[in-house]
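Subject: Structure handover

Hello,

Please find the structure below, with my notes after it. They are meant for someone who has not looked at it before.

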Amino acid sequence: MVESIAQSSGFLLTYSKKNTTINSKICGLTGIYDTSFINPVYPGDQMIIKSYFKKKLSGIYVFSGIVMVKKNIVCKSTISLAFL
């Protein structure tokens, strides 16, 4: 679930930038913070991933994300990404 938040955040970061030189770089995960798993997820469940940009700290982008199943939050996490 944390990886799905990271991938969604990376997708959001890559395609929200208007500079085409950034799109040719690789986005890497630099940190995982304040993660909590609230409920289990079972095979066949549809996960809805929401990712929100929080701030930029000298080339590192911080995102907050949640994963929901049937309108119930099952995971929360804060991650940081950087372009390599």
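Which residues of H1 are buried? They are Val2, Ser4, Ile5, Ala6, Ser9, Gly10, Leu13 and Thr14, where buried means under 20% relative accessible area, exposed means over 50% and partly exposed lies in between, with a 1.4 Å probe and protein chains only.

Before the rest, two remarks on the source. This is a predicted model, in which local features need pLDDT of at least 70 and side-chain atom pairs count only at pLDDT 80 or more, while totals for chains, interfaces and linings use all residues. Residues are numbered from 1 along each chain as its sequence is written, and side-chain values use heavy atoms, with hydrogens and water left out.

Helix and sheet

Helices (H or I, at least four residues) and strands (E, at least two) are DSSP runs, numbered from the N terminus. Helix H1 covers residues 2-16, and its 15 residues should span 21 Å at 1.5 Å a residue; the end C-alpha atoms are 21 Å apart, which agrees. The expected span is 1.5 Å times one less than the number of residues.

Four strands make an open sheet in the order S1-S4-S3-S2, with antiparallel pairing. Its edge strands, S1 (27-37) and S2 (48-57), each pair on one side only. Direction ignored, neighbouring strands are turned by 20° against each other on average. Two strands count as paired if DSSP finds at least two bridges between them; S3 (residues 60-69) and S4 (residues 72-83) pair over ten bridges. Valine 62 stands opposite serine 80 in S4.

H1 lies across S1, S2, S3 and S4, and runs at about 50° to S4. Axes here are lines fitted to C-alpha atoms, for helices over the stretch in contact, and angles run from 0 to 180 degrees between N-to-C directions.

Threonine 35

Threonine 35 lies in strand S1 and is partly exposed, with a relative accessible area of 32%. Leaving out residues up to four places away in sequence, threonine 35 touches Val2, Lys76 and Ser77; contact means heavy atoms within 4.5 Å. Its side chain makes a polar contact with the side chain of serine 77, at 2.8 Å. A polar contact is a pair of N or O atoms within 3.5 Å; within protein, one must be able to donate a hydrogen and the other to accept it, and residues adjacent in sequence count only if both atoms are side-chain atoms.

Aromatic residues

The structure holds three aromatic pairs. Rings of Phe, Tyr and Trp (its six-membered ring) pair if their centres lie within 6.5 Å; planes under 30 degrees apart count as stacked, over 60 as edge-to-face and the rest as tilted. Phenylalanine 53 and phenylalanine 63 have ring centres 5.6 Å apart and planes at 70°, so this pair is edge-to-face. Phenylalanine 53 is in strand S2 and phenylalanine 63 in strand S3, ten residues apart. Phenylalanine 53 is partly exposed at 45% relative accessibility, whereas phenylalanine 63 is buried at 1%.

The rings of tyrosine 61 and phenylalanine 83 are also edge-to-face, with centres 6.0 Å apart and planes at 80°. Phe53, Tyr61, Phe63 and Phe83 form one aromatic cluster.

Positive phi

Aspartate 34, in strand S1, has a positive phi of about 45° although it is not a glycine. Serine 58, in the loop between S2 and S3, has a positive phi near 40° and is exposed at 76% relative accessibility.

Regards
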